[in-house]
Amino acid sequence: MAIELFSFPTELIWRILSILAPRDICRCAITCRAFWNMIQNSIHIQYKLELHAQGFTTTATLDKIGVSREMFLLKRSTSLWRSGLHLNTVLEERVLISTFPEHPSLPWLRFGMKCGLLWMLVQGGLFIRDYNTNTNLSRTWAIHDLSSQRRPNFLTVDPLQDLVVIVSLPGIITVSDTEHDYHAFWVECRSASSQHPHPDSVCASLECKHTFDIRGEYHVDLIGEPAIYGDYIFVFYYIENKSYKRASATFMQAIDWRKGYVKSHLFPDYYQQGSQHQFYVVDQRTIVVIGSSFITVHTLQDIDGSPRPRLTYLLPKCHHSSFPFMIVHASPSFSGTAPHADLMPGCVPSLESQIIVLELISRPRTLSIILVIDTVIFSGTALQSETHVKIPWSDWGPQYTCCFPHDPSYQISVFGSKMAYTLPRDHSPEPGQRLEKLSTVGHFYIHIWDFNKRVITRSGSFYNPDSPNLLIRKPGGVVQSCFDEEIISNHPYTATVCRTPFLTHGLRELFLEQDRLILTSVQPGTVDIQVVSPVQMDVGSDCTH
């Protein structure tokens, strides 16, 4: 059989191999020297293997350039975040807060970042700044020009789809007839570049309705920001009866914003008293609910189908006296049609190579931790199980998570399998070491930790402070935390420290992207924005000629 196969033209064998999954290509490579040489000599196959190893998937943008150029760009981007690197300041900007009108119902300052576009909700204005070199999409809008409602309450932006989503709550809802639907909130879809109704949406303002079982006065509150994933907007909320003050089950409105279709769903097992649960949208069919003692993965067959619990990953038991406040940090979604093709990167993180970070802030703060979770646990054949399966911490935690001592003064940003982390020291902490909080008058250093297992496997540099390569670390045990037991993590990661110090005064948020960092700080009357990028290392010549 081998003789017959190798009698085919080389180009045909390359074509057959390129159809295989990266793991199967590697298995073919170790069967014989002929296969090994063929795979080594095909730049298309090598590029596919390199993408898989780095945890990326290609987009339509790369169809416009040759594969040699693609390989060069990939190697350059993956060599950026190396140990001991230095950062160059690309741009600094100061935004005057006084130029934006105040707004009575919106939070006065919120940030978001994707594809080189930073958006900032500041008082009653929306500030969009384009930090790309090949586009100019910077805009500033007053909120009253974007919303037809008098009191918008939530706003989020997807720069990739030129989409601004505004959610407005009605205040008190008086229910006199339980057989009728009532307006729970309104969702508006606007163009970020023109402030007009989005041209791809059949309805600029969507009424999201809710059915009540008991008469009375109700208050609706959202859980987190609306989540945008491609053609879908997910809004999670709960209701409170003003008379009974009882906890409410959690609800979700799934919205196809292009078609103007809205469907309400009930999450019956999650009762809200305040915001005790967090939601993470993996994709259009997978929704994760995170509570103090569990992480449950739900699937949607379609927008009309009810969420079905498939897997529950149990967390260690929390101290009752140190019940943590939870924040979820995740990579942005790159799903959707980009009206500006230049915005879409050539490579984006694949779903199976990403992480999410749970920031668990406790009282006292010395019990705060972060839990880094491999999102591979949110995919696979297990999600197709007809029965709801519960998995104890000991069967998944040590293998798929990393736990670190944390302080609420540290800032976190996630991109793919990487996490940017602001720490007070210019070297990686020892396993289980709890550092001091950031001083308001001192400096901080940015650490880049990568949890991509394939990158770790390929690196031969275990912890050595003098090594210029990636440093492989393990979190070790965390004895003092909000959990009742010691947390031991076996998942390795690579540690990089940016040697450039930054002032902590006014630090608000940072955003990690593939080839840059954006830092924001708030001073009296101003917001300062700084864009930095790592000094590039030589990865060889661009082999396009």
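**Salt bridges**

Modeller: Asp200, Asp231 and Arg258 are linked in a network of salt bridges. The model is predicted, so local features need pLDDT of at least 70 and side-chain atom pairs count only at pLDDT 80 or more, while totals for chains, interfaces and linings use all residues. Residues are numbered from 1 along each chain as its sequence is written, and side-chain values use heavy atoms, with hydrogens and water left out.

Biologist: What is a salt bridge, and how many does the structure hold?

Modeller: A salt bridge is a side-chain nitrogen of Lys or Arg within 4 Å of a carboxyl oxygen of Asp or Glu. The structure holds 15 of them. In one, Arg258 is joined to Asp231, with the closest N and O atoms 2.6 Å apart.

Biologist: Which parts does the pair of Arg258 and Asp231 tie together?

Modeller: Strands are DSSP runs of E with at least two residues, numbered from the N terminus. Arg258 lies in the loop between β15 (248-256) and β16 (261-272), and Asp231 in the loop between β13 (227-229) and β14 (232-241), so the pair ties together parts that are 27 residues apart in sequence.

Biologist: Is Arg258 buried or exposed?

Modeller: Buried means under 20% relative accessible area, exposed over 50%, and partly exposed in between, with a 1.4 Å probe and protein chains only. Arg258 has 16% relative accessibility and counts as buried, whereas Asp231, at 27%, counts as partly exposed.

Biologist: With which residue does Arg516 form a salt bridge?

Modeller: Arg516 pairs with Asp515, the closest N and O atoms being 3.8 Å apart. Arg516 is buried at 14% relative accessible area, and Asp515 is partly exposed at 39%. A further salt bridge joins Glu188 to Arg190, with the closest N and O atoms 3.6 Å apart; Glu188 and Arg190 are both buried.

**The sheet**

Biologist: In what order do the strands of the open sheet stand?

Modeller: Strands of a sheet pair through backbone hydrogen bonds, either parallel or antiparallel. Two strands count as paired if DSSP finds at least two bridges between them. Here 5 strands form an open sheet in the order β17-β18-β19-β20-β25, and the pairing is mixed. At the edges stand β17 (278-283) and β25 (389-391), each with a single partner strand, so one side of each is left without a neighbour in the sheet.

Biologist: How many bridges join β20 to β25?

Modeller: Strand β20 (residues 308-314) and β25 run parallel and are joined by 3 bridges. Thr312 stands opposite Lys390 in β25.

Notes. Helices (H or I, at least four residues) and strands (E, at least two) are DSSP runs, numbered from the N terminus.
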